Amino acid sequence: MLRSFKLEKYKTETTPHVLIDEEKGYMKIDGESYHENVISFYQEISDWLTGFLKTDFDVFTFDCELNYFSSSTVKVLLNMLLDMDNCANAKKITVNWIADKRNKIIIECGEDFKEDLTNITFNMVINEA
């Protein structure tokens with residue numbers, strides 16, 4: 001059954017821009033993520049992802065371009081990435097971890113995530129600008 005859920009959350013000072021287009025098998029999170037209640041902010045996104053990963057999709061791409069995030073956000077992202085990795089044995093899932101070359105913390109976090117993930121394609125995309 002083809003689902004067509006779409007969600008867009010616009011960024012604020014403490015929350016990122018989020019775009020989900022289920023029909024295209026695409027999710028993007030970009031900006032900064034240090035909201036006081038990170039769990040609450042990401043709940044709808046995590047719930048959607050859990051349900052989507054159980055569907056009969058062909059491909060899924062997640063672009064993550066956060067330039068700052070809290071330790072609570074790291075936990076949420078890791079859980080989402082592990083859910084994707086657990087599902088990726090039979091599905092094509094690609095994560096593009098996008099970071100500015102000067103943002104060493106974001107790059108190191110992406111490299112740490114990549115080490116824990118064995119089934120998904122995890123691309124480190126380093127912007128030179």
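T61 stands opposite T94 in β5. Around that spot, β4 and β5 pair in the parallel sense over six bridges, where pairing takes at least two DSSP bridges between two strands. Strands here are DSSP E runs of at least two residues and helices are H or I runs of at least four, both numbered from the N terminus.

A word on the model: it's predicted, so local features need pLDDT of at least 70 and side-chain atom pairs count only at pLDDT 80 or more, while totals for chains, interfaces and linings use all residues. Residues are numbered from 1 along each chain as its sequence is written, and side-chain values use heavy atoms, with hydrogens and water left out.

**The sheet and its helices**

Zooming out, six strands make an open sheet with mixed pairing, ordered β1-β2-β3-β4-β5-β6. β1 (6-9) and β6 are the edge strands, each pairing on one side only. From one strand to the next, the twist averages 10 degrees. Axes are lines fitted to C-alpha atoms, for helices over the stretch in contact, and angles run from 0 to 180 degrees between N-to-C directions.

| Helix | Strands touched | Angle |
|---|---|---|
| α1 | β1, β2 (17-21), β3, β4, β5 | about 155 degrees with β1 |

**Helix α2**

Then there's α2 (residues 71-87): 17 residues, reaching 25 Å from first C-alpha to last, close to the 24 Å expected. That expected span is 1.5 Å times one less than the number of residues. Its buried residues are T73, V76, L77, M80, L81, M84, D85 and C87; buried is under 20% relative accessible area, exposed over 50% and partly exposed in between (1.4 Å probe, protein chains only). They pack against β3 (26-33), α1 (38-53), β4 (59-69), β5 (92-100), α3 (104-116) and β6 (121-127).

T73 counts as buried because its relative accessibility is 0%. Leaving aside residues up to four places away in sequence, T73 touches S33, V38, Y42 and L66.

**The core**

A nonpolar core is a set of buried Ala, Val, Leu, Ile, Met, Phe, Trp, Tyr and Cys residues joined through side-chain atoms within 4.5 Å. The largest one has 37 residues, and I45, F60, F62, M80, M84, I93 and W97 have the most contacts inside it. At least two residues of this core come from each of β2, β3, α1, β4, α2, β5 and α3, with α1 giving the largest share, eight residues. W97's contacts, again skipping residues up to four places away in sequence, include L77, I106, F113 and F122.

Conventions
Contact means heavy atoms within 4.5 Å.
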